[in-house]
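Biologist: Could you take me through one part of this model up close? I'd like the strands and the side chains on them.

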Amino acid sequence: MQNKYPIEIFYSHDDEGYISIAPDLSGCSAFGETEEKALSEVKIAIALWIEAALGEGRTVPEPSNYTILDKIIAYQKASVI
């Protein structure tokens, strides 16, 4: 399930690198000097976040499935009509 969470990656001028976040998992984020490293690091962070939550008996949210692609498709369908 951990590879199903949406991930956002953006460049941070303040940090001089890339920040990656898993919006579905509160506080789950990572840093990398490259986009690829930020992605790799957030995948590790997601696995650790889930492991910690389960270890504490907390509920792990289901991954959301609403992506930017869904928004684009919905916009295109609305524009055609």
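In what sense do E2 and strand E3 pair, and over how many bridges?

Modeller: E2 and strand E3 (residues 29–32) pair in the antiparallel sense, over four bridges. Strands here are DSSP runs of at least two residues, numbered from the N terminus, and two of them pair if DSSP finds at least two bridges between them. Keep in mind that this is a predicted model, where local features need pLDDT of at least 70, side-chain atom pairs count only at pLDDT 80 or more, and totals for chains, interfaces and linings use all residues. Residues are numbered from 1 along each chain as its sequence is written, and side-chain values use heavy atoms, with hydrogens and water left out.

On to E1, then. Strand E1 (residues 8–12) pairs with E2 (residues 17–21), again antiparallel, over five bridges. Their hairpin has four residues between the strands, and Glu-16 takes a positive phi there, near 55 degrees.

Now the tyrosines. Tyr-11 stands opposite Tyr-18 in E2, and Tyr-18 stands opposite Gly-32 in E3. There is one aromatic pair, counting rings of Phe, Tyr and Trp (its six-membered ring) with centres within 6.5 Å. The rings of Tyr-11 and Tyr-18 have centres 5.1 Å apart and planes at 75 degrees, so they're edge-to-face (planes over 60 degrees apart; under 30 is stacked, the rest tilted). Tyr-11 is partly exposed at 39% relative accessibility, and Ile-9, in E1, is partly exposed too, at 32% (buried is under 20%, exposed over 50%, partly exposed in between, with a 1.4 Å probe and protein chains only).
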